[in-house]
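Student: I am new to this structure. Please take me through one part of it closely.

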Amino acid sequence: MVFFFAQSLSILEMARSVSRIFSGFRCFGSLPFGNTQLKTQCPSVLFRTTSERTVVQVLPSIFSRKPRDFSLPNSSWGEEMMRLYNYYNSQSEEATEGQEDHGEQWTRLPSYNRSLKYATGGVYLSKIIQSKARLFTRNIRDPGAAFEYVVFFRQDKQRCVCVFQAGHLLEGPPGHVHGGAIATMIDTVTGTHASLLSAPVMTANLNINYRSPIPLGSTVLIESTLDKEEGKKKFILCSVTSTDGSRVHTEATALFVSISISHLLRG
Ligand SMILES: CCCCC/C=C\C/C=C\C/C=C\C/C=C\CCCC(=O)SCCNC(=O)CCNC(=O)[C@H](O)C(C)(C)COP(=O)(O)OP(=O)(O)OC[C@H]1O[C@@H](n2cnc3c(N)ncnc32)[C@H](O)[C@@H]1OP(=O)(O)O
């Protein structure tokens with residue numbers, strides 16, 4: 001479909017069209033896409049044709065705006081959230097000069113609130129929806145009210161760890177976190193992990209076992225590991241535990257399927 005567009009648009013129009021899609025990917029959630037480019041902030045997505053790739057490679061200069069990175073600390077972060085953020089952050093320094101980076105450190109993943117607003121090529125989304133679209137977990141302005149989280153990735157171990165502080169708007173059972181909010185965070189962490197393997201992906205299957213309730217306002221650890229890859233399928237394991245590891249709150253398995261841009265353009 002993207003290639004079809006290319007035949008009917010001028011090069012400039014095509015560049016604009018692809019850049020909208022591309023910028024949507026860039027700002028969707030917490031990613032620099034593609035594991036080899038993790039530190040360069042220059043995303044890669046799945047392109048079917050050389051022309052798509054060529055157009056997109058000249059695009060990063062277009063992205064001059066600096067969106068807010070939601071994975072940085074704010075005033076609502078409690079002691080435990082800050083302690084764990086500082087712990088992982090202290091292990092995620094850039095490699096020093098002359099030292100080779102084998103992905104043996106944690107990398108903090110930035111997180112933005114723009115969703116993939118041109119997923120349907122702008123055809124089906126009204127201008128209002130396009131301008132107001134936000135990533136579900138990053139759409140509440142009141143700091144600490146809902147999803148406060150930061151994701152770190154360790155490439156050599158194929159592991160993500162997310163420090164998550166659940167705010168008061170996420171209540172389900174009195175005093176505890178809603179199961180849908182927990183599922184959202186599991187989808188977010190495992191989806192981010194799968195995207196680092198090969199973006200873009202979509203969740204095909206999510207299985208969740210809720211073992212013990214999560215107190216509202218508490219900070220928990222959400223950890224994901226790569227179980228296996230089979231072609232375009234990525235199987236990810238996930239657990240939600242108390243920060244000292246003594247309590248298992250939730251366990252999950254997730255399947256992500258790599259898609260092409262044309263899959264999104266089909267709507
Ligand atoms: C808008 C999405 C943007 C993309 C980025 C997404 C996430 C990550 C991005 C950034 C990370 C940041 C934040 C993350 C935050 C949240 C992540 C949210 C992600 C979502 O919230 S996303 C919305 C919910 N998600 C859907 O809305 C999917 C609807 N669905 C489809 O769009 C198709 O269904 C699709 C694409 C799944 C597959 O379609 P397809 O045509 O590409 O592939 P096909 O059907 O051929 O299946 C290929 C192989 O997967 C096996 N397979 C397929 N489905 C299976 C299932 N359910 N169980 C077991 N196996 C399954 C087949 O059996 C075959 O296996 P085999 O090859 O071995 O035969």
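Tutor: UniProt, in an unreviewed entry, lists residues 175–245 as "domain: Thioesterase". UniProt positions follow the numbering used here, feature names are shortened, and annotations may be inferred rather than shown by experiment. Residues are numbered from 1 along each chain as its sequence is written. The model is predicted: local features need pLDDT of at least 70, side-chain atom pairs count only at pLDDT 80 or more, and totals for chains, interfaces and linings use all residues.

The span 175–245 is 27% helix and 45% strand. Its end C-alpha atoms lie 21 Å apart. Helices (H or I, at least four residues) and strands (E, at least two) are DSSP runs, numbered from the N terminus.

Now the core. A nonpolar core is a set of buried Ala, Val, Leu, Ile, Met, Phe, Trp, Tyr and Cys residues joined through C-beta atoms within 7 Å. Buried means 20 or more other C-beta atoms within 10 Å of a residue's own, exposed means 12 or fewer, and partly exposed is in between; C-beta atoms are placed from the backbone. The largest such core has 39 residues, and Val 151, Cys 162, Met 185 and Ile 222 touch the most other members. Elements that each supply at least two residues include helix H6 (179–197), strand E7 (219–230) and strand E8 (233–242). H6 gives the most, with seven residues.

Look at Ile 222. Leaving out residues up to four places away in sequence, Ile 222 touches Cys 162, Phe 164, Met 185, Ile 186, Val 189, Cys 238 and Val 240. Contact here means C-beta atoms, placed from the backbone, within 7 Å. In soluble globular proteins, nonpolar side chains tend to be buried together.

Methods
Contact = placed C-beta atoms within 7 Å.
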